[in-house]
Amino acid sequence: MAFKTLDDLTDIAGKRVLVRVDLNVPMDGGNVSDATRIERVLPTIRELFDKKAKVILLAHFGRPKGERVPEMSLAPVAPAVSSLLGRPVAFAGDCIGQAASGAVAAMAEGDVLLLENTRYHKGEEKNDPDFARALAENGDIYVNDAFSAAHRAHGSTEGIARLLPAYAGRTMQAELEALVSALGQPVRPVLAVVGGAKVSSKIDLLENLVSRVDMLVIGGGMANTFLAAKGIDVGKSLCEHDLADTVNKIMAAAEKSGCEIVLPEDAVVAREFKAGAANETVALDAIPADAMILDVGAASIEAVKARIDTARTLVWNGPLGAFEIEPFDRATVAAAKHAAENTRAGKLNSVAGGGDTVAALNHAGAADDFSYVSTAGGAFLEWLEGKDLPGVTALGA
Ligand SMILES: Nc1ncnc2c1ncn2[C@@H]1O[C@H](COP(=O)(O)OP(=O)(O)O)[C@@H](O)[C@H]1O
Ligand SMILES: O=C(OP(=O)(O)O)[C@H](O)COP(=O)(O)O
């Protein structure tokens, strides 16, 4: 895919550069708990202010669906960006309209400004041309450095790229290059591990993914949805009960292409979603009706480790359990450490990605040993499926 990069951006002193970044970072008690996504966009921001541009950051946070949900404000993220950047980052309470244009008008060369959550406006996810135009009014140039949101055809990732001269940021460039080099010709057997909580937005891509990999381990909320589709009572677990047809299609596609699907064999259940909650490991036919599955059990961990030992290439998105609260991090940590060991031993090419997956690998102390860690989860899986990513396509020169 040919696109222009920051190398093509010269003479931009005083120009307003709208930079789409992914600041959808894990938070804990109002603080950023994993800053990987912020760290990855710093080179682009630095390069632009070194060239004396006015750097205006556009980003989404969570899924507020067009409402001003206070918990999904980017306001607490601005200080985190500022402290990692080592210079002030101003914040405007809206990404369009007077609040945004006033803040942009007040900028001097080399200043950095973060605009409020683009998803506070319905036009963002609808890719409404009026919304994209309102965003574009505050910039002379558009840079997309949010590879991890490039699978979304939204106003700030796609629409705006059609309205302003558009360039790829350094992270966008680096992610695409790294994925091609790590997974362009993967050594088989290829193992995919997919877990996490974003079941409905990721389940569809599994149907294609099974034709590209030899084994697919399913964990997290995704596994609960598969178990429920197989008639297992998952109690109060995070689960999307109306996706049984989709699950059946995926199972059929896997059988056709010879991909082994590995579902949990046992489950760690609790009645409360909090650290240290009383918990037990149970068989799948013994999940209490008033309990939730918060992790996969010991037998499942052994099954995952065995697949990691068989694989020569691993692609992983989505934790196997609710790893943020102990002891429900056990399976994710065990799998991460095992993959890290095999990678260190030269037996495995390991690529993992996703905002929470990266946080989980950091929590396990395994991130540095992985062959490549992407900021992207869904976008990385869609890239692996061979799909065009709208945010990348729109940058096409
Ligand atoms: N069994 C489970 N029940 C509830 N939440 C879970 C479960 N397993 C994983 N999760 C949650 O999934 C979230 C990560 O999912 P997701 O956003 O899809 O991953 P990523 O950000 O890496 O793409 C984590 O916050 C984790 O707590
Ligand atoms: O966190 C993200 O994706 P990921 O969870 O797949 O890594 C991106 O910010 C995209 O967010 P979205 O899945 O709400 O569009």
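Axes here are lines fitted to C-alpha atoms, for helices over the stretch in contact, and angles run from 0 to 180 degrees between N-to-C directions. With that in hand, helix 11 and helix 12 have axes that come within 9 Å and cross at roughly 75 degrees. Helices (H or I, at least four residues) and strands (E, at least two) are DSSP runs, numbered from the N terminus.

A word on the source. This is a predicted model, where local features need pLDDT of at least 70 and side-chain atom pairs count only at pLDDT 80 or more, while totals for chains, interfaces and linings use all residues. Residues are numbered from 1 along each chain as its sequence is written, and chains are lettered from A and ligands numbered from 1 in the order in which they are written.

**Overall build**

The protein chain comes to 14 helices and 17 strands. Its C-alpha trace spans about 65 × 45 × 35 Å along the principal axes. For 397 residues, a compact globule would have a radius of gyration near 21 Å, and the chain agrees at 21 Å. That radius is taken over C-alpha atoms, and the globule rule is 2.2 Å times the number of residues to the power 0.38.

**Helix pairs**

Two packed helices are described by the angle between their axes and the distance between the axes.

| Pair | Crossing angle | Axis distance |
|---|---|---|
| Helix 7 (199–209) and helix 8 (220–229) | about 70 degrees | 10 Å apart |
| Helix 8 and helix 9 (244–257) | roughly 95 degrees | within 9 Å |
| Helix 11 and helix 12 | roughly 75 degrees | within 9 Å |

Angles under 35 degrees count as roughly parallel, over 145 as roughly antiparallel, 65 to 115 as roughly perpendicular and the rest as oblique. Helix 7 is therefore roughly perpendicular to helix 8. The contact uses Val-199, Lys-202 and Ile-203 from helix 7, and Gly-221, Met-222 and Thr-225 from helix 8; contact means C-beta atoms, placed from the backbone, within 7 Å. By class that gives 3 nonpolar, 2 polar and 1 charged residues. For the classes, Ala, Val, Leu, Ile, Met, Phe, Trp, Tyr, Cys and Pro count as nonpolar, Asp, Glu, Lys and Arg as charged, and the others, Gly among them, as polar.

Helix 8 and helix 9 are roughly perpendicular too. On the helix 8 side sit Thr-225, Phe-226 and Ala-229, meeting Ala-244, Val-247 and Asn-248 of helix 9. This contact has 4 nonpolar, 2 polar and no charged residues.

As for helix 11 and helix 12, they are also roughly perpendicular to each other.

**Around ligand 1**

The shell around ligand 1 holds 21 residues, of which Gly-196, Ala-197, Gly-220, Gly-354 and Gly-377 come nearest. A residue is near a molecule if its C-beta atom, placed from the backbone, lies within 6 Å of it. Helix 12 gives the most to this shell, with 3 residues. Sorted by class, the shell has 7 nonpolar, 11 polar and 3 charged residues.

Most residues other than glycine have a negative phi, and most peptide bonds are trans. A cis bond joins Arg-188 and Pro-189, with omega about 0 degrees; Pro-189 lies in the loop between helix 6 (170–183) and strand 9 (190–194). Another cis bond runs from Glu-326 to Pro-327, with omega near 5 degrees. Asp-11, found in the segment before strand 1 (16–20), has a positive phi near 50 degrees.

Technical notes. Contact = placed C-beta atoms within 7 Å.
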